[in-house]
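Hi there,

Here is the structure I promised to pass along.

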Amino acid sequence: MPSRSLNGCACLRWAIRATGRGQVTIESSTVRSASASWALGSRRHTTSSAAEPLDVPQSLQVELAGFKATDRREKAKLQRIVNKHLTYMDDPWKIAHHVEQTLQKDRFDEALLLTQQASRDRQVEVAWNHLIGYQFGKQQLKGGIKLFNDMKKRGQLPNMQTFTIIFRGCARSQHPKAAVAEAVKHYNMLMADKRLQPNSIHLNAVLNVCARAGDLDSMFLIADSVNDSTRAPTSYTYTTILNALRHSMLKEIKDLTSEQQAANVEKTVSRAKGLWAEVVDKWGRGRLTIDEELVCSMGRVLLLPSTRQGKREVLDLLQQTMGIPNLTKTLGSNMAQEEDTRTIAAPGSKGSNAVPGRNTLALVLTTLASARLTTIGIKYWNLLVRNYGIVPDQDNWLRMLGMLKCAKASAHAAAILDIMPDEYVDAKSYGIAMETCVRDNINPNAIQNSAAILDSMMNRLPVPDVHALRLFLRVALVSHFHLRAKSKNGDEVAAKREYGIQITTALARLWEPYKKVHYHYFKATPRPSDAKEDRALYNCKREVVSIARLMFSAFNKVINERMLPEKNLRELRPIGAKINREIQRFYSNREETEPKLCATSKEGHSSEAMEEEHDDAEKFQFRPGGDFVWGTSRGPPRTSPRTTGNHLGAGSSTAKG
């Protein structure tokens, strides 16, 4: 019997030696216990040689709790690195600095293990703050909260910055509802803490979380926790609430009727004015400092009503808080009075007024455009830019062009483009300027202004904008008010001829820009390999061809309506035929390029439909808008459909009325 026990131990040792690579070895104590169990089992079951001991392990490959061999090796490697770092670091500031640098290299596991190791015998709350902020920066809301709880379990005391990081991380979260719940919960936790007390920074951070989520109920519950000492409201507090009211109202009125929308707007404005009365009261007593963001947030709330009188209150607001004079009430002021405004709210001044900036300039331009006070737009621009030293950005320049567009001031729009900085000039600015010329079609100088804008675009942009080129041709087609007046006075032939010369001159000016943009998209730009970029290039080519179709339509209009003598018409026909061949060549294989294109082509109205529309215009005394194309071969004019380059027929001309 002892010999059987020895043989069993020998077999067990042989099996352990034969264990393959990657298998877990067993400690000597485990071997001794297994041998003893084998021997004991042999003594008890001598009568039955086939019986097996109950304590014998079925497998010698023991897996440690949840770790594979590679995970254990990585963890051991990290442990060695962390131990080496902690050997030379005992200052919490150095540990926090090292954790911050490690997180910048996206080595989160190493930073976490180092912080956990250092938390055994010292307070390293700053390092924990870096870890929590890293998790929130990676949009890991639950991960950041989990780290915060782990921090407390390890005996680390959160500081004021810890809660600030949590609240700001919740504000940037892509899950606003869950973020509001966590922010409110931890704010209430901070309110109940006897060691720490929330301050105005925490209050504003939680209000920002609620405002971003559109949760006004939670926002006003948090706002009720203000006091006159540690949680006193600041300008940012009121700015957050005013912006939240405006955004929430704009989001809610989308599906409401006009009466309900007006009621909601009036309610929001009334609520904001009540809040502003509190702001003015605290500002007057010196308990609140107002800034530009607060003033502009209130100004944008005042822009919500549709009445012009309500929008004009913005100018009174700026005069109240920034000292900017209301030029609608002081139009007779001379330059001496304007010189005195240079010291009002100027940067570096010691006054209590808010300092105007680019945000204020944008608010003023928006107010003037929406309230139809464009006549004083240039004065406000000069006042704020020259006297207050505001340097306009690209948004300010575009808003200025938008205001001039509302004012139909094409000459000012052309002049503005010449003084715009090069870094702000783009296709959008030239498009707005050309739209201004279209709206200013009653002005006989609108065509000259559009030509000046075209020359500026050719000089300052590497490739002309296709939309601006279309609008340039449209200016020549719709600027005929003075010609129709001449035709009504009896000089119809001369008016018709001047209209034809006006169109052909515009076509001649458009020929070189058209060739440049055609060469850029059809020859200079190689065909991309990516399918998405290839479709984008094809759409650009379609836009170029749309200009060609509009040019061909204008040529046909001059020829068909015989605006010019036959000698001049013979010179135009070859040019129109050349453009038509390019159009036909592009659309020759359109079925292959656009297989989903509808087979039924809508190339325009038939002659019968046009006659019916003409009869309806006479029957109902239809009066067209200002930007229609004059049909010289017909009596009363009709509006023409907007040409956007989506025609299906290559030779379809602009509808004439």
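**Charged residues and their partners**

Asp 422 is exposed, at 62% relative accessible area (buried means under 20%, exposed over 50%, partly exposed in between, with a 1.4 Å probe and protein chains only). Before going on, please note that this is a predicted model, in which local features need pLDDT of at least 70 and side-chain atom pairs count only at pLDDT 80 or more, while totals for chains, interfaces and linings use all residues. Residues are numbered from 1 along each chain as its sequence is written, and side-chain values use heavy atoms, with hydrogens and water left out.

Which residue does Asp 422 meet in a salt bridge? Its partner is Arg 460, at 2.5 Å from N to O (a salt bridge is a side-chain nitrogen of Lys or Arg within 4 Å of a carboxyl oxygen of Asp or Glu). The pair links distant parts of the chain, 38 residues apart: Arg 460 belongs to helix α23 (residues 446-460), and Asp 422 to the loop between α21 (410-419) and α22 (427-439). Helices here are DSSP runs (H or I, at least four residues), numbered from the N terminus. Arg 460 counts as partly exposed, at 25% relative accessibility.

The whole structure holds 21 salt bridges. One of them joins Glu 182 to Lys 185, at 3.4 Å from N to O. Both residues lie in helix α9 (residues 176-191), three residues apart, or about one turn of the helix. Lys 185 is partly exposed, with a relative accessible area of 44%.

Another salt bridge is between Glu 566 and Arg 562, whose closest N and O atoms are 3.3 Å apart. Through shared partners, salt bridges join Arg 562, Glu 566 and Arg 573 into one network. Arg 562 is exposed at 55% relative accessible area, whereas Glu 566 is partly exposed at 34%.

Two arginines in loops are also worth a look. Arg 372 sits between α18 (358-370) and α19 (377-387) and is partly exposed, with a relative accessible area of 48%. Arg 231 sits between α11 (216-223) and α12 (235-252). Is Arg 231 buried or exposed? Its relative accessibility is 10%, so Arg 231 counts as buried. Leaving aside neighbours within four places in sequence, its contacts (heavy atoms within 4.5 Å) include Tyr 187, Met 191, Leu 203 and Ser 200. The C-alpha atoms of Arg 231 and Ser 200 are 4.4 Å apart, although the two are 31 residues apart in sequence.

Best wishes
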